[in-house]
Structures are given as structure tokens and as C-alpha cells.
Amino acid sequence: MNTAVALRRKPRTLALELVESLGDRIRDGRLALGDKLPTEAAIMAEFEVSRTVVREAISKLQASGLVETRHGIGTFVLGLGQAPGFKITPDQFSTLRDVIAVLELRIGVETEAAALAAQRRTDANIAAMRIALDAVTQAVDEGRDAVASDFQFHLEIARATQNSHFAELMGTLGSMIIPRARLDAGNSESDLRQYLRRVNGEHESIYDAILAQDPDGARAAMRTHLANSRERRRRAQAEAG
């Protein structure tokens with residue numbers, strides 16, 4: 001974050017951005033259940049914000065049920081939040097049928113999100129999507145887990161709708177919506193890498209349509225991407241009997 005820019009922005013705005021950044025790390029697993037958050041001083045240094053901003057952000061994360069502060073010890077991750085309302089729990093991802101059901105939900109939500117993103121995206125949204133896609137590509141090329149970056153790309157599309165409900169729903173679902181983390185473990189490394197490159201090609205098609213501000217193209221590209229994933233799971237379910 002540029003310090004000069006930060007100084008011109010209100011502490012409340014900075015606190016909300018910090019809540020978003022730390023919330024992302026919790027939702028995509030970089031900060032897992034039970035993990036201790038960095039110290040106030042470390043967060044201040046990383047994000048170039050004041051102690052007041054850090055404390056306001058932590059307060060908001062506490063109110064959302066994402067973290068708890070144990071006085072004299074530190075602040076710890078509670079999970080994805082304990083607010084009442086819609087939630088899909090980990091045990092609802094335990095079978096292929098469960099994953100297919102979530103993909104059907106995502107098709108309904110994310111195809112329209114992509115269309116809205118194409119209409120409303122800002123240059124900052126596009127830059128954030130590009131960073132996420134480049135991270136996916138790098139992870140695949142290096143044989144690393146690309147789930148967090150894959151989820152981040154879909155989350156950035158939700159944010160680009162400029163409708164906070166889409167981003168909140170995606171945040172509630174978390175990185176578990178990326179199904180290959182659990183169901184592709186038996187594939188060979190070369191098969192999995194080939195599959196991930198194909199998936200990333202689908203991501204690029206979505207990105208190109210949003211960049212071009214083509215809502216119909218973005219909607220179609222997202223539907224193709226998620227429908228391909230659903231059909232792959234359906235085939236696996238049929239093969240399993």
C-alpha cells in the first residue's frame with residue numbers, strides 16, 4: 001500500500017480494507033482455525049496503517065465471529081464466522097454428490113456475477129483478477145496447490161459486481177468450493193497438471209470477457225467453466241457406481 005495514498009484515506013476506509021485482507025486469509029486457509037494472528041506491530045508494518053486502524057479491523061473481525069482475542073496472549077482464528085444465516089459446512093462437501101450440488105449453486109450465482117462484473121468492473125478489479133490468475137499459473141507450473149489462488153480469482157469476480165452480497169456469499173463458502181483439493185488426489189501428477197491448465201484456460205476466457213466488458217460472453221464463459229467441472233464430477237460419480 002502506498003503510504004502517501006494511505007494518508008489521504010480515512011482510517012475507517014483503511015480498517016475495512018484491512019478486514020477484507022485478513023478475512024481473505026482466513027477464508028482461503030492461509031490463516032487456519034486456531035492460528036494466531038500476527039502482532040499489531042507486524043500488521044501495522046505489513047499494511048502501513050496505524051495502531052488505531054489495526055484495532056478497529058480486529059474489532060470488526062471479532063464481531064463477525066472470525067477471530068477472538070485472548071488478553072495477554074493474542075488474537076486467534078475461530079473459523080469462517082459464526083454469524084447466523086446461510087452456511088455450507090465441511091461435512092457437506094464429503095461426497096461427489098455434495099460437490100455437484102455446490103457446483104449447481106455456483107452456476108446459478110456465479111454466471112450472473114460474471115455478467116455484472118463485466119458491466120461494473122473497475123481497473124482495480126481487473127488488476128486484482130490478473131494477480132490471482134498469474135498466481136494460479138505459477139502454482140500449476142511449479143506443481144503447487146493452486147486452490148487458494150483459484151478461489152481468489154472467483155472472489156475478485158464477485159467483488160467486481162460492486163454488490164457486496166455476492167462477495168459475502170463467496171466468502172461464506174470459502175476455498176472449499178474449489179473441489180479438486182479433495183477429489184483429485186488419486187490422479188497422476190501429469191494428469192492433474194494437464195487438467196489444471198485446462199481449467200486455467202477457462203479462467204482466462206472469463207477474464208477476457210470481463211476485461212472487454214462483455215456481459216453475455218462473461219456469463220457464457222463462467223457457465224462453461226463451472227458446467228465442465230460439474231460434468232467431470234458426474235462422470236466420476238457414474239464410474240464409482
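**Salt bridges**

I searched the whole structure, a predicted model, for salt bridges and found 19. I counted a salt bridge where a side-chain nitrogen of Lys or Arg lies within 4 Å of a carboxyl oxygen of Asp or Glu. Side chains of opposite charge can pair when their charged atoms come close.

I looked up Asp24 and found that it pairs with Arg159, with 2.6 Å between the closest N and O atoms. This pair links distant parts of the chain, since Asp24 sits in helix H2 (residues 11–27) and Arg159 in helix H7, 135 residues apart. For helices I took DSSP runs (H or I, at least four residues), numbered from the N terminus. Both partners, Asp24 and Arg159, are buried. Here buried means under 20% relative accessible area, exposed means over 50%, and partly exposed is in between (1.4 Å probe, protein chains only).

Which residues are linked with Asp24 and Arg159 in a network of salt bridges? I noted Glu20, Arg27 and Glu156 as the other members.

Next I checked Arg25, whose side chain meets that of Glu46 in a salt bridge at 2.4 Å, N to O. Arg25 belongs to helix H2 and Glu46 to helix H3, so this pair ties together parts 21 residues apart in sequence. Glu46 is partly exposed, at 43% relative accessible area.

I then took Asp134 and Arg130, which form a salt bridge with the closest N and O atoms 3.1 Å apart. The two are four residues apart in helix H6, so about one helical turn separates them. Asp134 counts as partly exposed at 40% relative accessibility, and Arg130 is also partly exposed, at 23%.

**Helices H3 and H4**

Two packed helices are described by the angle between their axes and the distance between the axes. I read the axes of H3 (residues 40–47) and H4 (residues 51–63) as coming within 9 Å and crossing at roughly 110 degrees. Axes are lines fitted to C-alpha atoms over the stretch in contact, with angles from 0 to 180 degrees between N-to-C directions. H3 is therefore roughly perpendicular to H4, a label for angles of 65 to 115 degrees.

I listed the contact residues (heavy atoms within 4.5 Å): Glu40, Ile43 and Met44 from H3, with Arg51, Val54 and Arg55 from H4.

**Nonpolar cores**

A nonpolar core is a set of buried Ala, Val, Leu, Ile, Met, Phe, Trp, Tyr and Cys residues joined through side-chain atoms within 4.5 Å. The largest one has 21 residues, and Met129, Phe153, Ile157, Ile206 and Ile210 touch the most other members. I found that H5 (96–120), H6 (123–141), H7 (147–160), H10 (189–211) and H11 (215–240) each give two or more residues to this core. H5 supplies the largest share, six residues.

Ile206 touches Phe153, Ile157, Ala221, Met222 and His225, leaving aside residues up to four places away in sequence. Apart from this core I noted another, of 19 residues, which includes Leu14, Leu31, Ile43 and Val49.

**His154**

I placed His154 in helix H7. Is His154 buried or exposed? At 1% relative accessibility, His154 counts as buried. Beyond four places in sequence, its contacts include Arg106, Glu110, His203 and His225.

**Reading notes**

I numbered residues from 1 along each chain as its sequence is written, and side-chain values use heavy atoms, with hydrogens and water left out. In this predicted model local features need pLDDT of at least 70 and side-chain atom pairs count only at pLDDT 80 or more, while totals for chains, interfaces and linings use all residues.

Methods: Parallel < 35°, antiparallel > 145°, perpendicular 65-115°, else oblique.
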